[in-house]
Amino acid sequence: MNRSSFPRRSVRRLGLALPAAALAAALTLTGCAGSAEPTPTAGGTLTYGRLAPVDNLDLHTQITANNAFAIDKIFEPLVSFTETGEIVDWLAESHEISEDGKTYTFTLRDGVQFSDGTDVTSADVVFSLKRHIEVPGPLAFTAPVTDVVAKGDNQVVITLDTPYTPFLSELANFAAGVVPADLGGKSEEEFFKAPVGTGPFVVSAWDPAGDLTFVKNEHYWQDGKPAIDELVYKFVADDNQQLQQLTAGQLDAIEQVPAANAESVKSNASTELSQSDSWAIEQIFFNTQKPEFADRNVRRAIAQSLDLDGIAKATTFGTSQAATSLIPPSIEYSAADPGVALAYDVDAAKKDLAASAYPDGFTAKLLIPSGNAQRNQIAQIVQESVAKIGITIEIEQVDIATFRDRFKAFDYDLMINSGQSDAPDPNGLISFQADPEGFSNSFWTHYTNEEVTKLMHEGRTTAEGPEREKIYTDIQQILADDAPYIPLYFASNLKGTTTKVNDFVVLPNGSVRFQDAWLSE
């Protein structure tokens, strides 16, 4: 594989958030959808096509993108991250970390209000973080938090049992957002049907099986934002239909442009392509509870039967690069350059299969969501590739809701899915994909490796630097060799807009900062 084109990520201290001045600069940085420099205007409705509806707005129980990228429009954390993954103070004006690394003191911004006009106080933050700890959600803190207390009305002190290097990164997650203390006196069911937060938008109308309409938060703390009056999440289940509606002007933007259509969106006079680095990796996942895929030799055989460069070129049309590690190069300590992935080698694949408990091959079902042409194409390539070593793959397509229900219930043999980091530190991705005790049981693979678990815990307490880098390099090497999942390519964020959409800011996790967007005439 050609690995020389991977950019080396600049070294950054994840333990230090950028100061207020840097945040002010970050808030003005925008990715304009058009090449012109029109004068910003306020008002209007921006309609955004999405592949799945929003069905739950509880920030502490959700993880999938359909819900997460609505939740983060309503609730905001103490710290956040920019388009380049730099951590910045957000609802906090500043913070201090004790010399022993165990005490974090956050000072809240003056004048921040919830969308109902009530002031945000330290009591709200304490309640929010304690609920985050108590609710057994998919993005629960792995930091050893021992106490969260208010210090007056505008300071919060968080105490850890031991130093924890990625703590600020965990706090930057949408699940660490701030809600009113005691949910404003409402039950959980009542509150999350019409949630109150500090974010730029407020829910106006919501069909959990269809569309969601936001209106601007009139009390938002960032002056002049959001510019648009209304944001509509339009549920369009098929990516080709989204593209057609974008081109026709029925949608102002779409969440996902099929790679095959990226160039046409870019060259069309009425549309613009937004392409940026992401924290997502398209992968094949094995259910290791199935005896065939509990066999390491079988997994390695399949991995070595796949031409990842060929898959990336055929299915992403030059928009993404073949994966050479689990952690993408957009996250620090990626091993993408020079790479750790098993090489494409059909002879080696046959040898590994011969050494397995299934030397004569077997039949398995590859689960994918329907309506996704790119994953269907990948599935067909996988089917053809593994047939050459004696494995028969049947492709099973189901609707996206069923797909999610199935893999979360471990009701699959192998599947194509996207692994996604929600924060800029490598611990987040490794924990979600390799922690057998975590919420997802190693991304619903049930993979367990004692050495990986040991290194994962060491990575959390080791200070930034060469020693921590070696830990994550070693983890990525073990995961590549064991192949509980096969990273296929480092996905780019590919989104489309009409030419009237300006300042369309896409974050590395795939979310869009719609508070920055505005519509020209």
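How many bridges join β6 to strand β7? Five bridges do, and the two strands run antiparallel. This is a predicted model, in which local features need pLDDT of at least 70, side-chain atom pairs count only at pLDDT 80 or more, and totals for chains, interfaces and linings use all residues. Residues are numbered from 1 along each chain as its sequence is written, and side-chain values use heavy atoms, with hydrogens and water left out.

**The sheet**
- Four strands form an open sheet in the order β4-β5-β7-β6, with antiparallel pairing.
- β4 (92-97) and β6 (145-150) stand at the edges with a single partner strand each, so one side of each has no neighbour in the sheet.
- On average, neighbouring strands of this sheet are turned by 15 degrees against each other, direction ignored.
- Strands pair if DSSP finds at least two bridges between them; helices (H or I, at least four residues) and strands (E, at least two) are DSSP runs, numbered from the N terminus.
- V148 has I158 of β7 as its bridge partner.

**A helix across the strands**
- Helix α3 (residues 122-134) lies across β5 (103-108), β6 and β7.
- The helix runs at about 160 degrees to β6 (axes are lines fitted to C-alpha atoms, for helices over the stretch in contact, and angles run from 0 to 180 degrees between N-to-C directions).

**A closer look at A176**
- A176 sits in the loop between α4 (167-171) and α5 (188-193).
- A176 is buried, with a relative accessible area of 2% (buried means under 20%, exposed over 50%, partly exposed in between, with a 1.4 Å probe and protein chains only).
- Not counting residues up to four places away in sequence, A176 touches residues including L129, H132 and F141 (contact means heavy atoms within 4.5 Å).
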